[in-house]
Amino acid sequence: MTAPLPTLERLPRGALTLFRIRALLRLGMYGAVAFGVALALSFSGVEHWPFLLPCAVVLGLSVLTAWYPQRAHERWGWALREHDLVISHGVLLHQVVSIPAGRIQHVDVHQGPIERSLGLARLQIFTAAGSGADGEIPGLARETADALREKLVRREADDVV
């Protein structure tokens, strides 16, 4: 039997806007690729049916663009507990990650151009075991990300003997 999740902090409403913008950018990118493939097939003498491919891709991605960001925003959560940081996320595959405070090596706060314009930031947590970020919380208010980073770094310093 698994232990119940702690009460999780949720991402701010602005994170939903961030998720929607990212989904629209993906829609544009994949849609452009699908139209490029269809155009190349039509110039190579293939029947006219290839233009149905980009239409189907764009229609499917449009549905995902409308549905997925809302669900992702609802599923993201985090909790800073006494001995660890718990991160919960995932729409199709739900994932709960517990990062022990004693394993945290360093914590970074990043802002891309879209995040910066929305006043948001992404917190990345690195441990000794990983070659990349072992935990990430996107869409945090910049102030929240900075405060959480300071708490985690302070804990890390307290754990050092």
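Accessible areas were derived by the Shrake-Rupley method with a 1.4 Å probe, and for residues only the protein chains shown count as cover. On this basis the chain exposes about 9,800 Å², of which carbon and sulfur atoms supply 61%. The structure is a predicted model, in which local features need pLDDT of at least 70 and side-chain atom pairs count only at pLDDT 80 or more, whereas totals for chains, interfaces and linings use all residues. Residues are numbered from 1 along each chain as its sequence is written, and side-chain values use heavy atoms, with hydrogens and water left out.

The chain contains 4 helices and 7 strands, assigned as DSSP runs (helices H or I, at least four residues; strands E, at least two) and numbered from the N terminus. Their order from the N terminus is β-α-α-β-β-β-β-α-β-β-α. Of the 161 residues in the chain, 34% are buried, that is, under 20% relative accessible area, with exposed set at over 50% and partly exposed in between (1.4 Å probe, protein chains only). Among contacts (heavy atoms within 4.5 Å) between residues at least 6 apart in sequence, 52% join residues at least 24 apart.

Strand S7 (residues 135-141) is largely enclosed by the rest of the structure, because 6 of its 7 residues are buried. Strand S6 (residues 120-127) pairs with S7 in the antiparallel sense over 5 bridges, where pairing requires that DSSP find at least two bridges between two strands. Within this pair, Ile-125 stands opposite Gly-135 in S7.

Thr-144 lies in helix H4 (residues 142-159) and, at 32% relative accessibility, counts as partly exposed. The C-alpha atoms of Thr-144 and Leu-123, which are 21 residues apart along the chain, are separated by 9.5 Å.
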